[in-house]
Each structure stands twice: as C-alpha cells, then as structure tokens.
2 protein chains.
Amino acid sequence: MDLSEIRRAGRPRKSVLDREKILGAALELLNSVGPEKFSMAALAGELGVKPPALYHYVKNKQALLVGMREVVSDSIDISGFGVLPWSEAVGLWARSYRDAFAAHPNAIALLATEPIAGAARTLAMYECVVQGFLAAGWEPNRVMSDIVALESFILGSALDMVAPDDMFDPGADAPQTPGLVEALAAQASLGGSRADTAFGVGLDIMIDGLALTNGLGA
Amino acid sequence: MDLSEIRRAGRPRKSVLDREKILGAALELLNSVGPEKFSMAALAGELGVKPPALYHYVKNKQALLVGMREVVSDSIDISGFGVLPWSEAVGLWARSYRDAFAAHPNAIALLATEPIAGAARTLAMYECVVQGFLAAGWEPNRVMSDIVALESFILGSALDMVAPDDMFDPGADAPQTPGLVEALAAQASLGGSRADTAFGVGLDIMIDGLALTNGLGA
DNA sequence: ACCTGAACACCGTTCAAGT
DNA sequence: ACCTGAACACCGTTCAAGT
C-alpha cells in the first residue's frame, strides 16, 4: 500500500503486520472482491507485503478463516441474556447475529462451515446463549437442538442475503412460471427487501414457537 | 479410469463424455473429496479425460456448479402440492429438500449460493411450490417471503449437517463453558443426531406458524 | 465435433537467506 | 523474530493441432 517505502529482504526494524490487522484486512478484502478472488496473495498485496509473510501470523488459509469468523462473531449481541425476558434477549441475539454476517455477505458461506473448535471467544458466545436458555427454564436436553434450529434459520437467512435480489427472476422462462411471476410482482409492490421481510416473518414464528413448546406462554 | 485404452490426441470415434455423465461424476467427486480438492483437473481424471475436454460440455466451473445444483434439485419432492393438504405437502417438500442436499453434504455451501437464473428445472420446482401456496389460500404478496423464510431454515439446516457432530465440543476450554457442557451431555443422552432433532423441531414450528399467520387453523 | 498437448496467469505453502 | 525471493505442486482456462 505504502509505495514510498520499498522493503528489502530481512527483518524490518518494526513489525509491519499483526494478527488483528491481518484479520481486519482479510474481512474487508473478502467483502470487496468476493470469495472467488480472495487469496493469500491478494491479501498480502493489500497489506503491502509478500504472501509468505502472512504465515508468521496464521498457520494457513483455513486458520485465517477461523480467525475471521471469530472477529465477525464478536459483534453478536449477547447482552440481553440474564437481563431482558428470554424472547427479547433471543431476538436481539438473532438480529445482531444476522447483521454481523450481513456486514460481510461474501464471508457467510466460507465462514459458516468452519468448525468452532479452538475459537475461545466464539465458544464464550455459545456459553452465554446456553445459560440464557437454562435460566429461562429450558430442559437441558432441549437447549442445544433449539439453539441449533434457531441458528440454522439465522444462517440460512444470512445465506439468502448473498443471493442477488433478482435471484428468482425467471427471465426468458417467465411464460412457464405464471405463479412465480405473480408472487414476485405482488411481493415487489410491498416494497422492502425480500430477504429482510422473510427474516422478520420467520424469526417471529421461531421465537413464538420455541417459547410455546418450552412452557413460556405468549 | 479405463487404463486399458489410452487415447491419443484427436476426436475419438465415439464420444467419451456427455453432460449427464459429467454432472454425476462431479457430484460424486465433490461428495467424496470435499470442496477443497474438488477441481476441474480432479474431475477430468475421474472421467479418464484431460481437463480441457470438459469445456466442450460446460462453459466454466461456475456453470458446472449450476448444473450440479439442478441435478440435486431434481430429487426434491413436489408431488404433494395440489394433492395433499398444504401442511403435509410442505413437509414432504422440506424434508426431501434437506435430504437432497444431505446426500451431497459438501455441495451445500457451494451450491446454495449459486443463482438459479437459467436453470429451467429449478425454476419449475419453485413454480410448483408457489402454486401450492396460492391454492392453499395465500395472499400473493406473502408467498415469496414465506417460501424464502422456510427455505432459509431448510438450507441452514442442511448447512448444519456439514458441521462435525462434535462441532460444539469445547475441548480444553470446557471449564469455562459449564452450561454448554451440561446441555451437550443432556442432548447426547437422548440419542439421535443433533442436526436431525433440530430440523424436526424447527420444521414443525415453521409449518404451524406459517399456517396460523395465513389463516389456516391447526 | 471432440479429444490432447502446450501454454498462461494464477493459486497455497515451504524454506533458505537476509537483517 | 519478521520479512523477501525462489521454488514447488498445483489451479482454471484458452487455443492450436490432431482425427
């Protein structure tokens, strides 16, 4: 980046990189160029460094992705658990969860499939959510499956945000899909994003449904 | 594959490849080696052919992925719409949808993010689902968002199936996550897959919730 | 038309060599 | 310790040359 200073081989007097700088630049890059063009080489270039320098801070590309996921997860809001009523705390968590990934749309597919083993801060997030469910009276054996069900919906919704807004546009095949055309037009006349509307509908249903089946009357 | 016959350059007397053979082998390969090692070169090798030969049948790797998605989508069951009651038809569709991707776990993240433009058979699937919702009395402007909400949950659940079963295992961080440890143990004592249980719970909630908010009493 | 062979601009990763 | 340079085994894709 800084072309005024050309580095020759050898240890620089002061470190050029640090882990946080790398993770931040990686998310920014992934977001701007997309997963296809997201490479170690491109990231190095963005940081004004040669590719091998990155391997001093991350073991490999997969470890980089795990670190990126952790940064994204840090902005998930778990402050409601133990303070607000369960349904409000969960709503806050779910919306901020989706927003966190929505801020890095291209990261979703890449990051959602990485295991969380060894990611301490991400584990801490789950611990807080679990405690929130237990405190609200959940039977322990239902906690994980209910969280996973909710999370599946959240991540699927985040995945849906990556899709182009005209994803369902039949184009030349419109004559064969009159129902789809009608539904799309009716939806469009409502205004607002299809993805946002769908998320709102689904989240309300999930929260109400989970509350009911776990003895929390509406 | 067939090492007894070594091909020299030039058009073979009979075509070695066809589109269907390529798509089938591609799904099989993606499933067996994972997305990381899934390459045009590996696919060509599996088909006993050199990489450039593939480009006679698919424009590029992205087009290959779209074709693969279409094959997967073909096994989604839409036969219930117009025959069974709405909630049963949707349940059949949703379960077969998840199963279709579950049969190709490594394909989910790759295929779920591809747009469906130009994929006629996939569009036909959506048309059938839309018609099912309209016939059940849905207001047109609610059809797409409700389908998308449901689909987000289904795809998120499919994505969850890719995660290792011990994804939440805190490992060395167990002392810091007592609630998580308890919930995992309680869940484990129930037997059955966490992913399957979560999907069942969430699907029932989604179907009931959608039915209620659209005037279909339970 | 349908394949191979050669070539291109890339990857991720390792490692010795510099400071 | 922290960077570069060179090298390795790969990518996806194009295109001429063969039959």
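**Entry 1: the two copies.** I am working with a predicted model, and I began with how its chains relate. Chain A superposes on chain B by a rotation of 180 degrees, with 0.0 Å of shift along the axis and an RMSD of 0.0 Å. The two copies are therefore related as by a two-fold rotation axis. I then looked at which surface each copy uses, and the same surface serves both: 100% of the contact residues of chain A recur in chain B.

**Entry 2: one chain by itself.** Next I listed the elements of chain A and found ten helices and zero strands. Read from the N terminus on, the order is α-α-α-α-α-α-α-α-α-α. How does the radius of gyration of chain A stand against that of a compact globule of 218 residues? The globule would be near 17 Å, whereas chain A has 22 Å. I also noted the span of the C-alpha trace of chain A along its principal axes, which is about 65 × 55 × 25 Å.

**Entry 3: H7 and H8 within chain A.** Helix H7 of chain A covers residues 120-135 and helix H8 of chain A covers residues 140-162; their axes come within 10 Å and cross at roughly 120 degrees. That angle makes H7(A) oblique to H8(A). The crossing of this pair, H7(A) and H8(A), is right-handed. On the H7(A) side I found A:Tyr126, A:Val129, A:Val130, A:Phe133 and A:Leu134. They meet A:Pro140, A:Val143, A:Met144, A:Asp146, A:Ile147, A:Leu150 and A:Glu151 of H8(A). Sorted by class, the residues of this contact between H7(A) and H8(A) are ten nonpolar, no polar and two charged.

**Entry 4: H9 of chain A against H7 of chain B.** Now I crossed over to the partner chain. I noted the crossing of H9(A) and H7(B) as left-handed. H9(A) brings A:Pro178, A:Gly179, A:Leu180, A:Glu182 and A:Ala183 to the contact. I sorted the residues of the contact of H9(A) with H7(B) into seven nonpolar, two polar and two charged.

**Entry 5: H10 of chain A against H8 of chain B.** One more pair between the chains, and then I put the pencil down. Helix H10 of chain A (residues 194-213) packs with helix H8 of chain B (residues 140-162) at an angle of about 70 degrees, and the axes are 8 Å apart. That makes H10(A) roughly perpendicular to H8(B). The crossing of H10(A) and H8(B) is right-handed. Which residues make the contact? From H10(A) they are A:Arg194, A:Thr197, A:Ala198, A:Val201 and A:Gly202, and from H8(B) they are B:Ser145, B:Asp146, B:Val148 and B:Ala149. By class I have four nonpolar, three polar and two charged residues for H10(A) with H8(B).

Technical notes
Residues are numbered from 1 along each chain as its sequence is written. Chains are lettered from A and ligands numbered from 1 in the order in which they are written. This is a predicted model: local features need pLDDT of at least 70, side-chain atom pairs count only at pLDDT 80 or more; totals for chains, interfaces and linings use all residues. Side-chain values use heavy atoms; hydrogens and water are left out. Copies are superposed by least squares on the C-alpha atoms of residues with pLDDT of at least 70 in both. Contact means heavy atoms within 4.5 Å. Axes are lines fitted to C-alpha atoms, for helices over the stretch in contact, and angles run from 0 to 180 degrees between N-to-C directions. Helices (H or I, at least four residues) and strands (E, at least two) are DSSP runs, numbered from the N terminus. Angles under 35 degrees count as roughly parallel, over 145 as roughly antiparallel, 65 to 115 as roughly perpendicular and the rest as oblique. A crossing is left-handed if the near helix is turned anticlockwise from the far one by less than a right angle, and right-handed if clockwise. Ala, Val, Leu, Ile, Met, Phe, Trp, Tyr, Cys and Pro count as nonpolar, Asp, Glu, Lys and Arg as charged, and the others, Gly among them, as polar. The radius of gyration is taken over C-alpha atoms; the globule rule is 2.2 Å times the number of residues to the power 0.38.
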